[in-house]
Amino acid sequence: MKTQQPMRSNDEHVVLEFRPRSLARPRSPGIPLNARETVPEPNDLSRYERDLEEPDDFRHRMLANAAAGAFTIALIAVGIWLAANIARMSDTQDCVLSGRLNCAQHQMLDR
């Protein structure tokens with residue numbers, strides 16, 4: 001297998017060699033790697049799997065889905081309320097900065 005060497009046509013452009021990661025730990029300089037040391041297995045998702053014999057708790061799942069839905073609806077409502085208040089405050093600020101009087105009353109009449 002032929003190894004590729006970096007091409008250097010200009011000082012600005014440098015092609016770097018790709019080195020795939022390995023499971024072995026990088027060694028610190030001057031510290032030998034013992035032959036008996038093993039590389040730990042990477043974490044997998046098996047600890048989150050449930051047993052097939054264990055029945056589903058549909059009631060808990062439905063309650064969790066309802067709570068998540070209520071939280072999402074509340075978050076959307078707060079976002080709409082906040083956007084409306086910011087727009088109203090911006091209109092009031094524009095009115096005041098243009099030199100008009102009674103800008104708060106003007107905003108109440110627009111509603």
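The model is predicted, and its chain has 2 helices and 0 strands. Buried residues make up 4% of the 111 residues in the chain, while the structure holds 1 disulfide and 1 salt bridge.

**Overall surface and secondary structure**

- The accessible surface of the chain comes to about 11,700 Å², and carbon and sulfur atoms account for 58% of that area.
- Helix H1 covers residues 58-97, helix H2 covers residues 103-110, and a loop that includes Asn 102 lies between H1 and H2.

**The disulfide**

- Cys 95 and Cys 103 are joined in a disulfide, with their sulfur atoms 2.1 Å apart; in general terms, such a link is a covalent bond between the sulfur atoms of two cysteines.
- The torsion about the S-S bond of Cys 95 and Cys 103 is about -80°, and the disulfide is therefore left-handed.
- Cys 95 counts as buried because its relative accessibility is 5%, under the 20% limit that applies to buried residues.
- Cys 103 likewise counts as buried, with a relative accessibility of 6%.

**The loop between the helices**

- Asn 102, which is placed in the loop between H1 and helix H2, has a positive phi of about 55° although it is not a glycine.
- As background to that value, most residues other than glycine have a negative phi.
- Asn 102 is exposed, because its relative accessible area of 53% is over the 50% that marks an exposed residue.

**The salt bridge**

- Asp 56 forms a salt bridge with Arg 61, and the closest N and O atoms of the pair are 3.8 Å apart, a distance that falls within the 4 Å limit for such a contact.

**The patch of negative charge**

- Asp 51, Glu 53, Glu 54 and Asp 57 gather on the surface in a patch of negative charge.
- Within this group, Glu 54 lies in the segment before helix H1, and Glu 54 is partly exposed, with a relative accessible area of 44%.

**The nonpolar patch**

- Val 78, Trp 81, Leu 82 and Ile 86 make a nonpolar surface patch of about 430 Å².
- Leu 82, one of the residues in this patch, is found in helix H1.
- Leu 82 counts as partly exposed because its relative accessibility is 44%, a value in between the limits for buried and exposed residues.

Note on methods: Residues numbered from 1 in each chain as written. Predicted model: local features only at pLDDT ≥ 70, side-chain atom pairs only at ≥ 80, totals over all residues. Heavy atoms only, no water. Patch = residues over 30% accessible without salt bridge, like charges linked within 9 Å, V, L, I, M, F, W, Y side chains within 5 Å. Areas by Shrake-Rupley, 256 points an atom, 1.4 Å probe, with all protein chains shown as cover. Salt bridge = Lys/Arg side-chain N within 4 Å of Asp/Glu carboxyl O. Lys, Arg positive; Asp, Glu negative; His and termini not counted. Charge placed at Lys NZ, Arg CZ, Asp CG, Glu CD. Helix = DSSP H or I, 4+ residues; strand = E, 2+ residues; numbered from the N terminus. Buried < 20%, exposed > 50% of the residue type's maximum accessible area, 1.4 Å probe, protein only. Disulfide = S-S within 2.5 Å.
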